[in-house]
Amino acid sequence: MITGLVLSGGRGERVDGADKGLMLYEGLPRVQYSIEALRPHCDQLYLNCNRNHDQYERFGLPLLSEPEPDFPGALVALSQLLPELPGDQFLILPCDTPGIRADHINLLLEAAEQYPEHWIYFISAGREHPLHALIPEPLVPQLVRRVADGERQMIRVLQQVKSVGIKLRQDVLLNLNT
């Protein structure tokens, strides 16, 4: 079972506190691009948000908030949310990913066949994007353990678990922070 999770729970520090998922890009809320990219591939799809629940409800997905109210970051969010979700593979996308399409997600799924039990993520424009990823269920306990031990650096977790970056053939707008 493939479960999707769109991360829209941040505090929006790089955009003056705005809720990035609800900000418009080419006339659509940014979160919608991630939802549409994941929808064809997921048996179940969830939306992580920590504020503006009434506005996120319109997307018709189950909403998940992090237990810690102080916006602890994506790594902590994953460690808290993934163990509670059904599935043996988790497709993860941040909410501010307007360049992502369903065919990009196919690349993660194809790589998962070649690299089972690896955290598979995209590399685009020379940058690693570990939150544009497929995380297999066997890695979830390792993620939880690392976060419980105090780790807050995503790149360090990637170095401590089996992981592989998949370079996109074309540079894709994967992270929109303004």
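The following legends describe close-up views of a predicted model.

**Figure 1. Overview of the chain in the predicted model.**
The chain contains six helices and nine strands. Of its 178 residues, 52% are buried.

**Figure 2. Helix α1 (residues 30–38) and its burial.**
Helix α1 is largely enclosed by the rest of the structure, because seven of its nine residues are buried. The buried residues of α1 are Arg30, Val31, Tyr33, Ser34, Ile35, Ala37 and Leu38. Tyr33 has a relative accessibility of 12% and therefore counts as buried, the cut-off being under 20%. The ring of Tyr33 also takes part in an aromatic pair with Tyr25, which is the subject of the next view.

**Figure 3. The aromatic pair of Tyr25 and Tyr33.**
Two aromatic pairs are found in a search of the whole structure. In the pair shown here, the ring centres of Tyr25 and Tyr33 are 5.9 Å apart. The ring planes stand at 75°, so the pair is classed as edge-to-face; planes over 60 degrees apart fall into that class. Tyr33 is buried, whereas Tyr25 is partly exposed, with a relative accessible area of 23%.

**Figure 4. The aromatic pair of Tyr56 and Phe59.**
The rings of Tyr56 and Phe59 have their centres 6.3 Å apart. Their planes meet at 40°, so this pair is tilted. Both Tyr56 and Phe59 are buried.

**Figure 5. Packing of helix α3 against helix α5.**
Two packed helices are described by the angle between their axes and the distance between the axes. Helix α3 spans residues 74–81 and helix α5 spans residues 140–148. The two helices pack at an angle of about 125°, and their axes are 9 Å apart. The crossing of α3 past α5 is left-handed.

**Figure 6. Residues at the contact of α3 with α5.**
From α3, the contact involves Leu75, Val76, Leu78 and Ser79. From α5, Leu143, Val144 and Val147 meet these residues. Six of the residues in the contact of α3 with α5 are nonpolar, one is polar and none is charged.

Conventions:
Residues numbered from 1 in each chain as written. Predicted model: local features only at pLDDT ≥ 70, side-chain atom pairs only at ≥ 80, totals over all residues. Heavy atoms only, no water. Axes fitted to C-alpha atoms, helices over the stretch in contact; angles between N-to-C directions. Helix = DSSP H or I, 4+ residues; strand = E, 2+ residues; numbered from the N terminus. Left-handed = near helix turned anticlockwise from the far one by under 90°. Contact = heavy atoms within 4.5 Å. Nonpolar A, V, L, I, M, F, W, Y, C, P; charged D, E, K, R; others polar. Phe/Tyr/Trp six-rings, centres within 6.5 Å; stacked < 30°, edge-to-face > 60°. Buried < 20%, exposed > 50% of the residue type's maximum accessible area, 1.4 Å probe, protein only.
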